[in-house]
Amino acid sequence: MPGGSNVNTLLDTNSVKIEEIINKSIGVFAPSCSKFWEDHIISNSSIAPSGDIGRDYKILKNFQGSLAGVIDPGGPTGDFSLYGDQTTDLGSKLFMQGLTNTFPDPRRGMNPKPYRLGIPLRTMNANIMLTLGELQAEATPALIGEIIAPKFTGFARNMALFLCNSFYTSQNNGYRLTTLVTGGFSTPAESATYPTLVVDTTYSNYAVDRFQVGMQCQAYSADGGTQRYSTAAGNSANSTILVVKAVDELTGKVYFGGIKASDNTVLTDLDTMISAGGLVTTDIIVPYNMKGSAATPWNANTTNYFTGIAGIRSWMKPGDTGGSTYSADNTLLGSESDSSNRINVNVHPEFKSMSVSLGGAALTEHKLRQILRRWHMAKGKYGKTIDTLLASDGVWLAYEQTKIGREIIDRTGGLSSLGNQGSSEGFTFHMDGRTYKGLTDPFVEAGVVYGIKGGSNWKRYVPNEQKGTSRFDKADAWVPFRFIASALGMPGNKIPIQSASGNFTMVTEGAQRPGHLRMQLVPEQPDGIIISDCGEDRLYSSI
């Protein structure tokens, strides 16, 4: 068979099973990355009917939320509906009825005007290559299970990481994974052949868990308008890929190597990304190839840029001073929104998220009570609630530190334990008859707490598959990833990789397996709480 050997038919025969393994693996790896995904996304079986997806693969939600009709107090009209209208006596035996009072004019009654939110579906396009040598090695008894399985496992991890990052990165700051800060990045001389860019996330947002070995990234200016690249290597804009070579979670450092996207050449001069007008303070690191045009920033009102899957900051919008004029801060889905069916939270404040800045102070129990009380007093009339608080470990440690020295922990002869007050597996907070679960999530940036409604609030929208695309209907897989080679007319899920030679193409020893994930996460209740600039309490290794 072109592009492989008869060993390759084993993967074609088991292609559906491979899809099941990949999708189930994502369901395992995503919770290992993010506690919220485990409790509220992966464990949630709420799949919206595919019939809710309309033309142009858009989900249209209709809303109307005003009072209707006319209601007047009866006192000014003598409560005539209780006592009857006034009468006029005509002697001692007769009276005349009057019709002097009227019911309210129905014409001045208000009528709810419907408005819509258009939610576009999003995709993640993927590919993975297997070579004849790998397949032959897999067939060797001494190496069975040591070549193909780890590669597909890494593929699933890659997709799980992308999904988790999409959920937490914000379109308001260019979907950055981290920011370069003075003293927080350098290019030490590891070797002349394989130089390294080192980024210390403790100078920025502490979100070192957003990076994993093998991840591909790019560096941009803070506004997303200019991609940084290595001039000495002859690279042109949009061609430099920063590959994560190592992640040191104990120190918060990420180590990058570089390759040219055009021909996969390893770069040997990453130092020029700093010294030759390349990387500068305030630059940002983002996932590779997620920006459409190098000339237009992410937050431009006229151009859409997408995370792949809408996340928390795509939905939670605190509003701004712009009134009804569109901006990424006042419109649900921001730059990802459907321009014909937008909801501006300045115009519809019932969808507005509460925003509170602590100015660097630690979050205290009393302050948390103030915030939660105000939110529920404001939103309770709409039937909205919050049950989950997401933050970094530094925020919760600072919160717990405020109790040290002022609290007495009653152990009553039991072992030393703070299980009910810990933050790693979450803590329970009670107020006004409601219970809140506080979770530590390493993907949340430093100094931020998100208050959201979890559980079945988050719905998955997945379109029907194309004819000929393999499926995994018999498996309970959370993520709808599909190989698509069969839908393109191939007999299996691989496409031979060919190389141009003269006037015709030659078959290589490799075969690619393209696939995609088409999905959108849509909350029934998008609004929540954003607590920013919270005090942090963290400790990292000094070496």
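Predicted model: local features only at pLDDT ≥ 70, side-chain atom pairs only at ≥ 80, totals over all residues.
Two strands count as paired here if DSSP finds at least two bridges between them.

Let's take strand β9, residues 197-200. If you want a pair to look for on screen, D200 stands opposite K253 in β12.

β9 has another partner, β8, which covers residues 185-186. Two bridges join β8 to β9, again in an antiparallel arrangement. Here the pair to look for is S186, opposite V198 in β9.

Are the faces of β9 covered or open? Both are covered. L197 and V199 are buried on one side, and V198 and D200 are buried on the other.

Now to a loop. E445 sits between β17, residues 434-440, and β18, residues 449-452. Is E445 buried or exposed? The cut-off for buried is under 20% relative accessible area, and E445 has 15% relative accessibility, so E445 counts as buried.

What does the side chain of E445 make polar contacts with? One is with the side chain of R210, at 3.2 Å. Another is with the side chain of Y450, at 2.9 Å. Leaving aside residues up to four places away in sequence, E445 touches Y168, N205, R210, S392 and Y450. R210 and Y450 are therefore on the contact list, which uses heavy atoms within 4.5 Å.

Methods
Residues numbered from 1 in each chain as written. Heavy atoms only, no water. Buried < 20%, exposed > 50% of the residue type's maximum accessible area, 1.4 Å probe, protein only. Helix = DSSP H or I, 4+ residues; strand = E, 2+ residues; numbered from the N terminus. Polar contact = N/O pair within 3.5 Å; in protein donor to acceptor, adjacent residues only side chain to side chain.
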